[in-house]
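Student: I am new to this structure. Please show me how to read its features.

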Amino acid sequence: MAFIPLFIALPLFSAFLIPILGKIYKPLVWLLSTAVAFVLFVLALYGVAVSQEISMVVYKMGNWPPPLGIVMAYDSFSAFMVLVISIIVFACSMFSLRFLSTYTGNWKFYTLLMLMTAGMMGIVITGDLFNMFVFLEIAALSSYALVAFGLKGEQLEASFKYIVMGEIAGLIFLLTIALIYAKTSTLNLADISTALQFAKNTTFFWMTLGMLLFAFSIKAALVPFHSWLLDAYPAAPAPISSLLAGICTKVFGIYTSARIIFNIFGLSRANDPLFFNFLIGLGLLSIIFAGVTAFSQNDYKRLLAYSSISQVGFILLGFGIGNYYGVLGAILFILAHSLAKGLLFLTSGSVVHSAGTTDIKKLSGLGERMSTTAWSFRIGALSVIGMPPLIGFFAKLFIIIGAIKAGFLWIAIAAGVLSLLSLGYLLRIENNVFMKKGKSEAKPAPFTMRVAMVLLVVLIVLVGVGYQTIVDYIAGPAAHALLRGLEYSHMVFNYFSMSF
Amino acid sequence: MIVFASCIILFLIGLYAIVTKRNLIKIAIGFVLIEYAVNLFFALVGFKKGALAPIITKLDTPHNFVDPIPQALVLTAIVIGLATTALMLTVILRIYDRYKTFDIAEIKRLKG
Amino acid sequence: MKGMSLIVKTVTNIVIGFIFIYGLYIILHGHLTPGGGFAGGVIIAGVFVLKLLTFGSKAKDERSASTQASVWESIGGLLFVSVAFLGLLLAGTFFINFLPKGTPLHLLSAGIIPICNIAIAIKVGAGLFAIFLALAAQKYIIED
């Protein structure tokens, strides 16, 4: 199982190699980062294949057994997240070649990109709470720097807001780790989950869970804590907005909280309905608030940022429903949202690159001039809205099925109706930017940008058409991995006893 | 117990600085204070009365040590804190370059 | 950056070598006594910061120093990851301690830990110096 540490080590290695390569020959840098992203994608596919047979792979770093050493616990949910991360990183790296050609010192971008990849991969495959914190901080630090990459006033301002919010979350997370360590004397996630069962339903149990959720909901930009995102996404360079919107908030906030809720604290719909209702409430709040506010936005990227928050609400809704179909829907939604929102932000980058502005009142007539971008936008938007053959539809469908099976008919109806919100605000962009006739000097997007966008379009369509395969082999096992609950810790330790 | 209370007080002072101060540098100092409070709390978690520092100088040293893991973790957390603080200060200096002020009330080019 | 007065320069000339050696001591004894790569690296970075503050420098030198610092930082990082990779190649586990452990409490012991300490020291030393340059000499290295 030697491939597991490679997910972290390869991007880390290339991150350190890039500053040296950047001194020698600059184009090599882009090649290296794209190649590494591609290798990661291949490894992730291999990892998915492995996770079909072994539902939990535990890798001991430096051969130190748990709970003494740090372990990597790679189950189907990790395999799924690794796959999604590698796809988005590859597309962003591809897209960045021409987009960043106007920036000075643009090879530094790839160092940060690779560091962020290493951090995100680390978060999803680690089996150790403190290790998760370290990777979270690595990824978060590089994302702060990437938001400020252009060094314009707005970008620095957005980056500062992001640092303030992100660091509050990080420090609360660290404080919670200290509390958990004081109570359980261990940092291994599996060990913690065993130990916490003796403290179930005490004040300590709910307080630590609350603090962790607070930290993660800042990172995921759920509605009361969303303000940083609205500045960070529009200000950042487009490939980074795409990466942040597509995958960062999901990994920093959604993956971590899902793992903590289901596998570590061992909560389930059957035992703690109140808590899961709270999650549903939080999800609905995000969907409605951000969805409605998006209508008044006139900035291409800011509108997409609001849409992102609203979509994250759907993911939380799926987890809150808490039965198999709800969780499966939420997991498919992570995939759908990563591909679609990643694509939409890439189109915004292509618009900025060609037309020089993101104000949708000033843009017009781009539909004819930039047909690839326009059609990419349309496909991505249709997937976000939930058009049948595309993946976004199936994600929403499973959430609605889950809601009906759990007996929440009103949530099923609300989820269906609220999808129409996204139709409304995305039509604003379509009408103003692409459909409206107007003179435009914009040139079509450069080749590599189009390749990145078309790649995501193809994936959205393919994954949507072949959704049954995805559910059977990737998303379904991932949902089962989450719903296994406390089995997680048994599996980690059983693997450990089997291998000896 | 009084030392744990002092951690909380330090934490609250830092939070106060972040919430009420308008100067960017003072906000950064608030962050450093919060970070110290959390690190101090973490280091205190491993404390045992009358125990030694966990350093093996002879192979037959009696094993009455304080818990070394929180210390190792705090060291890592300090390094991360260093990186964050450095990044934050760099961003603040660049902001000063662009806006010629440290006052957050005057730094609002963004619409949100 | 302007230099400092003659007194500071003379004192710096005397102590700077000792500080450097002290840093090396902390790094190399990292597996035996408190200290190690990070603490030693901070001291090494301190040497360079002290030199720059005392003797001053031209904008051109600062820019080249910043470039060199970033290259050395990468070398430190590469060394560290390479040691981990060597464990994967030679002994089959990432980060395994594949070197002989030696006698405990002697300088040549603990397998890969001294090598890791040295790698960390290079990375931290160069990184902290780069941070110092970014904060103190930012006007000169802002454009690259």
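Tutor: Start with surface. The accessible surface of chain B is about 6400 Å², and 70% of this area belongs to carbon and sulfur atoms. Areas come from the Shrake-Rupley method with a 1.4 Å probe. This is a predicted model: local features need pLDDT of at least 70, side-chain atom pairs need 80 or more, and totals for chains, interfaces and linings use all residues. Residues are numbered from 1 along each chain, chains are lettered from A in the order written, and side-chain values use heavy atoms, without hydrogens and water.

Student: What percentage of the 112 residues in chain B is buried?

Tutor: Buried residues (under 20% relative accessible area) make up 40% of them.

Student: Which elements does chain B have?

Tutor: Chain B has 3 helices and 0 strands. Helices are DSSP runs of H or I with at least four residues, strands are E runs of at least two.

Student: How are two packed helices described?

Tutor: By the angle between their axes and the distance between the axes. In chain A, the axes of α6 (residues 153-184) and α9 (residues 227-235) come within 8 Å and cross at roughly 145 degrees. Axes are lines fitted to C-alpha atoms over the stretch in contact, with angles from 0 to 180 degrees between N-to-C directions. Contact means heavy atoms within 4.5 Å. Among the contact residues are Tyr162(A) of α6(A) and Trp228(A) of α9(A).

Methods: Buried means under 20% relative accessible area, exposed over 50%, partly exposed in between (1.4 Å probe, protein chains only).
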